[in-house]
Amino acid sequence: MTTTPLPPQSFVKKEPGEASVPAPGRGRRLTRVEKRAIAAQGKLSSPWASLLAIVIAVLWTIPSLGLLITSFRPELDIRRSGWWTFFTSPEVTTDNYQEALFGSSTNFSTFFINSFVITLPSVVIPISLALLAAYAFAWIEFKGRSILFVAVFALQVVPIQVTLIPLLSQYVDWGLEGSFWVVWLSHSMFALPLAIFLLHNFMKDVPPSLVEAARVDGAGHVKIFFQVLMPLLTPAIASFAIFQFLWVWNDLLVALTFAGGAPDVAPLTVRIAELSGSRGSEWHLLSAGAFISMVVPVLVFLALQRYFVRGLLAGSVKG
Amino acid sequence: MDWLTDAGTPAEKLTLMVVAIVLFVVVMGAILLAVDRPKRIPNWLVVLGFVGPTVLAIGFGLVYPGLRTMYASFFDRGGKNFVGLDNYVTAFTQDQFQIVLRNTALWVLIVPVVATFIGLVYAVLVDRTRFEAVAKGLIFLPMAISMVAASIIWRFVYEYKPNQPGVNQTGLANQLLVWLGREPQQFLLNAPTNTFFLMAVMVWIQTGFAMTVLSAAIKAIPDDIIEAARLDGLKGMQMFRFITVPSIRPALIVVVTTIAMGTLKVFDIVRTMTGGNFETSVVANEFYTQSFRFNEQGFGAALAVILFVFVIPLIVYNVRQLRLSEEIR
C-alpha cells in the first residue's frame, strides 16, 4: 500500500465534472471481463470470503430445512430423535399434512380458505383506491393538493396499534366484529398511505407529454387514467400487489383483533399461533401447519421476485 | 341472507368474497362514470370522485381512531374517569413495564445493526459471483413467510429435552450443545438471554431486506471509482472500508432506520415464541395483552401512544436521510 486512499467523502459528494480521480476507464462502460477482474481484486481475501458466505447461507437455510424434513417424518420419530437422523434412517410420510389439513382438531384447510378469502379483496380494494388517489395527486390540479398529499404521506407513521381499540368498538357497535367485512375494511384502510405514496412515485415518472397529448385530444380524467396510465403502471401495480399480498397473508395482529379466534373467519396465522400456544409440543402438526401457511407466499414470491425487489427499492431507497 | 355476515361453508365464503369485490367495483365504477364528463362537470367533483373514498377511509381508519386512542390514554381502564398522566407514569415506573421498555430498546438497538451488518457483508461477498442469484435467494426467502411461521421454525431449533440417558435432543441448538459436551439449555425460558434468542428470529427475517437494498446500492457505485481505487492499490478489506461503505452510506442509514421501525412494532414473534412471558415482552406485545386480554383500555391506549411517539424520531431521521441522498444525486 503506497498511496493513501482519498478521503471517502470525496467519492460520494464529488461533482460530476470534477476529475479528482485519474481514471483511465473514465467515460466508457467497462466490459464484462474487466468488471469481473475488478470484482475479483476487490474481494475480501477469497477462500475465507467464500467460507463466510457459505456459513451465512447455511445458517439461514438450516432452520427451515430442519422443519421441512420434520414435517414429513412420522410423529413418533419426531418425538424420539432429531430431524438430522433422517439422513441415516429415512422414513417419509404425508400423514402429518393429512392430519393438519383435515383432522378435526386442526382443520387447517378451513383456515387456508379463510386466509385466501381475506387476502384477495384486501389486495384489490386498497390498490384500486390508491391508484385513483395517486392519479389525482399527480395529474389533477386542485386546491390543497400538496397539503393533502403530505398529510397522507405522513400518516404512514401511525402504527396500527394506535387505531385498533377504537376501530374494534366501532365494529362492535355495527355488529360486524368477527366477520370478513371488517377484516377487509381494516386491511384496506391501513394499506392506503403506503400504497398511495408508492404509486404516486411511479405515476410521477410517466412523461407529462403523454398525459397532455391525451388531454388535448379531449380525453377526460377517467379516460386518461384507464387508457394512458394504467398500461404503463402495470409493473408498479404488480410490485405493490405483492407487498400487500404478503403483508395480508402473513398478518397476525389485524386478524387476531378483528377476526378473533372464530374458525369461520380467522386466517392460518391466527390458528397456528394459537396451536403453538396451546399444543406447542405437537411438532408433527406445527411443522406441517407452518409449511401449509408458507406454500402460497413462497410461490408468489419466487414467481414475482423481480417486481418485489423493484418495489422494495422504490419504497426505501428512491423515496 | 345470513351468509353475508356469517359465511360458514367454503362455498359461501368464496361467494361472499366475489360479492364484496363486485360490490366494490360497481360502486367505484359508478363514481367514475358520474365524473367522466369532460368540461360539464366542475373540477372539484372530479377530485372528489378520485380522492374522496380514500380520504374517507383514511379519516375513518387512521386519523379518528388515532385521536380517540390518544384521548383514551388519559382515562382509566373503563374509559370513564380521567386519570391524567397516570397510565404513562405506570408504564415508565413499574418494574414489570420497565423490563418491557428495556427489551424494546434492546430490540431496536440490536436487531437493525446486526441484520444490516450481516446483510452488507453477505451482499459484498456474493456480489458478481457466479452463484449470486441463488445465494441471494436463500437469504431472501425468510422475508416471504409470516413471522408466525418463522417463529415456529425457530422454536423448533430451540426445542429442549432434559439431558437423560435414552432421551435424544430434537432441537438443533441443544443437540449442538450436547455434541460439544455441554448441558442442554432452556433457550426461551432463561431470562435475560432469551430475549436475544427471540431477536435472532427478527435478524433472520430482516437480513434479506438489508441485503437486497444494499446489494442494489453496491451495484450502483460507478465502475470508474472502483477501478480508480484499485489502481491506487486498494484491496479486500480496504476496498470495503474506504470505497464500498462510504459510497452506500445513505442506503445503509435508510436500511437501519427502516428495520428499526419494523422492529419497534414487533409483536408476532414475541407472542408466538413466549407469549411475552419470562421477561421477553415488548411494547407492541404488551399493548395487545393489556388491551385485549386484561381489558385495560386506558393503559393499553397509553402503550400504543408510546409506540407512536417512539416511531416519530426514526421516521423523521429516515425522511431527512432520503432527502439528503436525493440532493447528492
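Predicted model: local features only at pLDDT ≥ 70, side-chain atom pairs only at ≥ 80, totals over all residues.
Residues are numbered from 1 along each chain as its sequence is written, and chains are lettered from A in the order in which they are written. Local features need pLDDT of at least 70, side-chain atom pairs count only at pLDDT 80 or more, and totals for chains, interfaces and linings use all residues.

**View 1. Helix α3 of chain A, residues 46-71.** This helix (a DSSP run of H or I, at least four residues, numbered from the N terminus) has 26 residues and reaches 38 Å from its first C-alpha to its last, close to the 38 Å expected at 1.5 Å a residue, where the expected span is 1.5 Å times one less than the number of residues. α3(A) bends by about 35 degrees at A:I62, and the proline A:P63 follows within four residues; the bend is the angle between axes fitted to the seven residues ending at a residue and the seven starting there.

**View 2. Buried residues of α3(A).** Among them are A:A53, A:I56, A:W60 and A:P63, buried meaning that 20 or more other C-beta atoms, placed from the backbone, lie within 10 Å of a residue's own.

View 3. Residues 44-64 of chain B are 100% helix, with end C-alpha atoms 24 Å apart, while residues 239-264 of chain B are 96% helix, with end C-alpha atoms 34 Å apart.

**View 4. The contact of chains A and B.** Chain A contributes 106 residues and chain B 116 residues, counting residues whose C-beta atoms, placed from the backbone, lie within 7 Å.

Technical notes
Helix = DSSP H or I, 4+ residues; strand = E, 2+ residues; numbered from the N terminus. Buried ≥ 20, exposed ≤ 12 C-beta atoms within 10 Å, placed from the backbone. Contact = placed C-beta atoms within 7 Å.
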